[in-house]
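Here are some notes to read alongside the model. Please keep the sequence and the 3D view open while going through them.

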Amino acid sequence: MKKNILLFGLAFAGGFTYQRYYPYIKAFINDKSQKNDDHSFKSMLEEGNYTQPKVIDIMHSSPDKHFLHNFIAQHNEALNVFKIYYPDKLEQKIYSDNLESEDKIHLHFVFNAADHLQGHSSIVHGGLLATLIDNAFGQLSYLASGQIPTATANLNINYRKPVKTNQDYMITAEIEKIEGRKVFLKATIYDQNKTICTEATGMFLTVNWGGQMWKNALDKIKEKTKIDEKLIKLDHQKKE
């Protein structure tokens with residue numbers, strides 16, 4: 001009887017651990033066969049030395065509850081493409097806690113919305129565009145404020161041209177200035193011909209709550225980086 005209880009307990013613990021941490025492990029696997037790996041802006045971003053940060057992959061795969069990640073990014077019929085790009089040097093500085101205030105902090109979102117996200121026929125719902133921009137601003141303000149959590153205080157959006165479903169678009173977001181707790185940002189959505197479709201500005205405030213998903217994801221990456229460094233050191237010692 002005791003043996004059965006013990007086996008049941010081990011099976012339950014194993015199942016819970018797998019369900020909880022497999023998404024984080026999966027995010028480290030570089031699967032080149034993903035259907036949404038190619039898009040119209042890929043060559044331009046690669047030539048500009050932009051990279052897809054692992055911290056974002058982990059957050060999108062995370063079991064932690066977040067509207068954008070759980071109900072849109074992970075939904076098979078929501079986004080045909082959803083890729084986030086940081087300058088390569090910026091990503092390395094984030095993981096090493098070496099991000100300086102003078103670093104030019106910006107990012108690019110590439111997305112292609114499926115028909116499930118339309119408002120009018122074949123037109124992406126404006127609320128989704130606002131969500132993507134707001135999320136980009138949140139990431140940037142978090143990094144620019146020294147990885148202190150921030151919250152939306154103001155968001156202004158001008159919709160210039162319709163954004164179509166099943167077409168590639170790119171959001172370029174950047175920091176304008178920082179004044180105390182206030183982080184000012186701007187963003188533009190471009191189509192494949194570099195036509196401006198949407199423009200936005202926002203102000204975010206640093207807060208003393210939230211930010212746990214970012215912290216969890218960054219801790220996972222730093223932990224894995226330390227393990228990798230130890231393995232490399234052991235390998236070198238063996239060769240000597």
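Predicted model: local features only at pLDDT ≥ 70, side-chain atom pairs only at ≥ 80, totals over all residues.

The numbered points below go from the sheet to single residues and then to the salt bridges.

1. Seven strands form an open sheet, and their order across it is S1-S2-S3-S5-S6-S7-S4. The pairing is antiparallel. In general, strands of a sheet pair through backbone hydrogen bonds, and the pairing may be parallel or antiparallel.

2. The edges. Which strands lie at the edges of the sheet? They are strand S1, residues 50–51, and strand S4, residues 150–159. Each of these two pairs on one side only.

3. The partner of S4. S4 pairs with strand S7, which covers residues 196–206. The two run in the antiparallel sense, and nine bridges join them. To find this pairing on screen, look for Ile-157, which stands opposite Ala-200 in S7.

4. The helix on the sheet. Helix H6, residues 126–144, packs on the sheet. The strands touched by H6 are S2 (79–87), S3 (106–113), S4, S5 (169–179), S6 (182–190) and S7. The direction of H6 makes about 135° with that of S4.

5. Thr-150. This residue is in strand S4. Is Thr-150 buried or exposed? Its relative accessible area is 17%, so Thr-150 counts as buried; the cut-off for buried is under 20%. The side chain of Thr-150 makes a polar contact of 2.6 Å with the side chain of Ser-141. Leaving aside neighbours within four places in sequence, the residues in contact with Thr-150 include Gly-138, Ser-141 and Tyr-142. Phe-204, Leu-205 and Thr-206 are also among them.

6. Gln-167. This residue is found in the loop between S4 and S5. Gln-167 has 34% relative accessibility and therefore counts as partly exposed. Not counting residues up to four places away in sequence, Gln-167 touches Phe-111, Asn-112, Ala-113 and Gln-192. Gln-167 and Ser-122 are 45 residues apart in sequence, and their C-alpha atoms are 10.0 Å apart in space.

7. Salt bridges, Glu-199 with Arg-160. How many salt bridges does the structure hold? There are three. In one of them, the side chains of Glu-199 and Arg-160 meet at 2.9 Å, N to O. Glu-199 lies in strand S7 and Arg-160 in the loop between S4 and S5, so this pair ties together parts that are 39 residues apart in sequence. Glu-199 is partly exposed at 27% relative accessibility, and Arg-160 is partly exposed with a relative accessible area of 49%.

8. Salt bridge, Asp-38 with Lys-42. The closest N and O atoms of this pair are 3.1 Å apart. Asp-38 counts as exposed, at 55% relative accessibility, whereas Lys-42 is buried, with a relative accessible area of 19%.

9. Salt bridge, Glu-179 with Lys-177. Here the closest N and O atoms are 3.2 Å apart. Glu-179 is partly exposed at 42% relative accessibility, and Lys-177 is partly exposed with a relative accessible area of 41%.

Note on methods. Residues numbered from 1 in each chain as written. Heavy atoms only, no water. Pairing = 2+ DSSP bridges. Helix = DSSP H or I, 4+ residues; strand = E, 2+ residues; numbered from the N terminus. Contact = heavy atoms within 4.5 Å. Axes fitted to C-alpha atoms, helices over the stretch in contact; angles between N-to-C directions. Buried < 20%, exposed > 50% of the residue type's maximum accessible area, 1.4 Å probe, protein only. Polar contact = N/O pair within 3.5 Å; in protein donor to acceptor, adjacent residues only side chain to side chain. Salt bridge = Lys/Arg side-chain N within 4 Å of Asp/Glu carboxyl O.
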